[in-house]
Amino acid sequence: MNNLEIERKFLLNGSSYPWIGPQWHIMQGYVTDNSQCLVRFRHQVALDMAEPSTQAFVTVKSYKSWGCNREYETPVDPDWAMTVITEVAAWKIIKTRTCWTAPDGCVWHIDHFAHGNQGLVVAEIELQCLEQSFYRHSSLGLEVTGDPRYGNISLAKNPWTTWCS
């Protein structure tokens, strides 16, 4: 088990996207952040299922290199995760995620941020290796992989609307 997360991240151009797929309302809370690692709690609720589906995870991430992190994640009780997020987490972020499968079979996560990050839409794709080719829809804009301002914990600490202009 290598627990390596390889991810590319892009801003989107315009407001017309092909991003149709399952959607999740996500609340994330961060309980620690230092130069070595971060600890994140995620609570997510499916928005498009007949019966609501709620999931929660705790994740430890450590930076490895550009586009690569070590990631250790395990499911946890959703009520417990929500308690940690609301009562313990120092930084929080809320977003709606759409999971879209591109023509090449790769899955994109399209995150529409809320509150202090309202208006920010970021597309992420997880890859097997950094050199892996992938379908690039014309609405993909500037690549922000490796730009620390677009990391979720950075957006929780320093919201996009405070510096985007």
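Modeller: Confidence comes first, and pLDDT is the predictor's confidence in each residue, on a scale from 0 to 100. The chain has a mean pLDDT of 91, with 96% of its residues at 70 or more. This is a predicted model, in which local features need pLDDT of at least 70 and side-chain atom pairs count only at 80 or more, while totals for chains, interfaces and linings use all residues. Residues are numbered from 1 along each chain as its sequence is written, and side-chain values use heavy atoms, with hydrogens and water left out.

As for the fold, the chain holds two helices and nine strands, taken as DSSP runs (H or I of at least four residues for helices, E of at least two for strands) and numbered from the N terminus. Along the sequence they follow the pattern β-β-β-β-β-α-β-β-β-β-α. Of the 165 residues, 45% count as buried, where buried means under 20% relative accessible area, exposed over 50% and partly exposed in between, with a 1.4 Å probe and protein chains only.

Now to your question: a disulfide is a covalent bond between the sulfur atoms of two cysteines, and here it is taken as a pair of cysteine sulfur atoms within 2.5 Å. By that rule the count is zero. Cysteine 37 is in no disulfide, since the nearest cysteine sulfur, that of cysteine 68, is 17 Å away; cysteine 37 is partly exposed, at a relative accessible area of 24%. For cysteine 68, the closest cysteine sulfur is that of cysteine 129, and at 9.4 Å it is too far for a bond. Cysteine 68 is itself buried, with a relative accessible area of 7%.

Leaving aside residues up to four places away in sequence, glutamate 5 touches Lys61, Gly67, Cys68, Asn69, Glu71 and Glu126, a contact being heavy atoms within 4.5 Å. With lysine 61 there is also a polar contact between the two side chains, at 3.2 Å; the term means a pair of N or O atoms within 3.5 Å, one able to donate a hydrogen and the other to accept it, and residues adjacent in sequence count only if both atoms are side-chain atoms.
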